[in-house]
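The sequence and structure come first.

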Amino acid sequence: MLMLITVIILVIIVICLMMYNISIHKKLQVFGNLNQKVNSLNVLQEFMNTISESNMSADEKIRKINEILIDRYEIKYSTIVIYDGAEYTVKVSNVDEKHWDALKSLYKEEIFKDSIQTATPKYITVNGENERLPYQKMEFGRAKSAIFFPLYVDNVYIGYWIIEGSIPHEFDNVDTTILEVVKENIVGVIKTLEKQNVIENIVRTDKFTELPSEEYLYGEGKKIIDKYTTSTVCMFKIINIEYINDELGREYGNDTIKEIAKTVRENISPEYIFVRYMGPKFVIVYSGVSVESVANFMEEIKNKIESIEISDGEETINPKVNIVLTEYYKGTALEGTTKKLEEYLDNADKKECDITQM
């Protein structure tokens, strides 16, 4: 009888211990998931900080973001492949370049075709060290687990992101919902950086003034401007350019634009950004200089511009300019600032010929 009671007590103790262990395991899982979510929030903040970094090119930013993924999620390999509608390109990867041809051909693999068509991730792994993943034709032993994420922007397929691990079943317990959020942020980053890439690649030199075009402001120019906390953006417009064109001829209007650009360039420091914005409008960004200081200096520039004489031998016309200034803060939207100044000049009285601070 005593033995039976002892056995029953032991069974109860074992059951209690099992229930306690299950409870602890669940708590650890919750804690682990919470940690993953907190870590993901930190990663997303690092993403945003990288995107807003003004001194990095678009390609440098995507490389930095991949490094963040690898470091913060302890991923062995991470590769982002972009499809432009014609060909696939490895945008960024920490895998040895000799494997890039295989990585940018994953869309051909049967195991991933359904994933691309249905826009759903695909997890594959091996069971033993002597096995290899289906897409590994020439390599052996580099990766034993992988998650493949097709990338879509506004329902348009743009490529894929693949993460790889070096041991079998490495991603069995990974919270894929968090990785889905990360994937969506990668898509957002690519979308944003592609726009930056376009801007960086379409900068041209204006043929009349030999000044950079407006796009320079938002690419290379912004890197220089954002070395300072605040700067002054100045936009000016030749308000009588149409009159010069009508009275003297369009070639004299072109000469007016050339002379004004030359005069301004000769009278400002080369460290300031000076571009032909659009038509009769120009922009000067005085990096690190206050609006009040610029206003005084622009009085001198205005006088020099309006002292230029454009003549056809019979009639002489002096150009007239309307000027507007505003303060710009590092990291804010420079496009929004210039748009505000442009709207002011375009809506001002056609005879306004002044220096206005906004």
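How many helices and strands are there in the protein? The protein has 10 helices and 12 strands, taken as DSSP runs numbered from the N terminus (helices H or I, at least four residues; strands E, at least two). The model is predicted, with local features needing pLDDT of at least 70 and side-chain atom pairs counting only at pLDDT 80 or more, while totals for chains, interfaces and linings use all residues. Residues are numbered from 1 along each chain as its sequence is written, and side-chain values use heavy atoms, with hydrogens and water left out.

**Overall values**

Of the 358 residues in the protein, 44% are buried (buried means under 20% relative accessible area, exposed over 50%, partly exposed in between, with a 1.4 Å probe and protein chains only). Taking contacts between residues at least 6 apart in sequence, 64% join residues at least 24 apart, where contact means heavy atoms within 4.5 Å.

**The two open sheets**

Strands pair if DSSP finds at least two bridges between them. Two sheets are listed below.

| Strand order | Strands | Pairing |
|---|---|---|
| S2-S1-S5-S4-S3 | 5 strands | antiparallel |

Strand S1 (residues 77-83) is joined to S2 by 5 bridges, and the two run antiparallel. Within that pair, Thr 79 is opposite Ser 93 of S2. Helix H4 (residues 110-118) lies across S3, S4 (145-153) and S5 (156-165), at about 35° to S4; axes are lines fitted to C-alpha atoms, for helices over the stretch in contact, and angles run from 0 to 180 degrees between N-to-C directions.

Which strands pair with S11? Strand S6 (residues 230-238) is joined to S11 by 9 bridges in antiparallel fashion, with Thr 230 opposite Tyr 329. S11 also pairs with S12 (residues 355-357), in the parallel sense over 3 bridges, and Ile 323 is opposite Ile 355 there. Strand S11 (residues 321-329) has 7 of its 9 residues buried, so it is largely enclosed by the rest of the structure.

**A helix pair**

Helices H7 (residues 241-248) and H8 (residues 250-267) have axes that come within 6 Å and cross at roughly 140°. The two helices are therefore oblique to each other (under 35 degrees counts as roughly parallel, over 145 as roughly antiparallel, 65 to 115 as roughly perpendicular, the rest as oblique). From H7, Ile 241, Ile 244, Asn 245 and Leu 248 meet residues of H8 including Arg 250, Tyr 252 and Ile 257.
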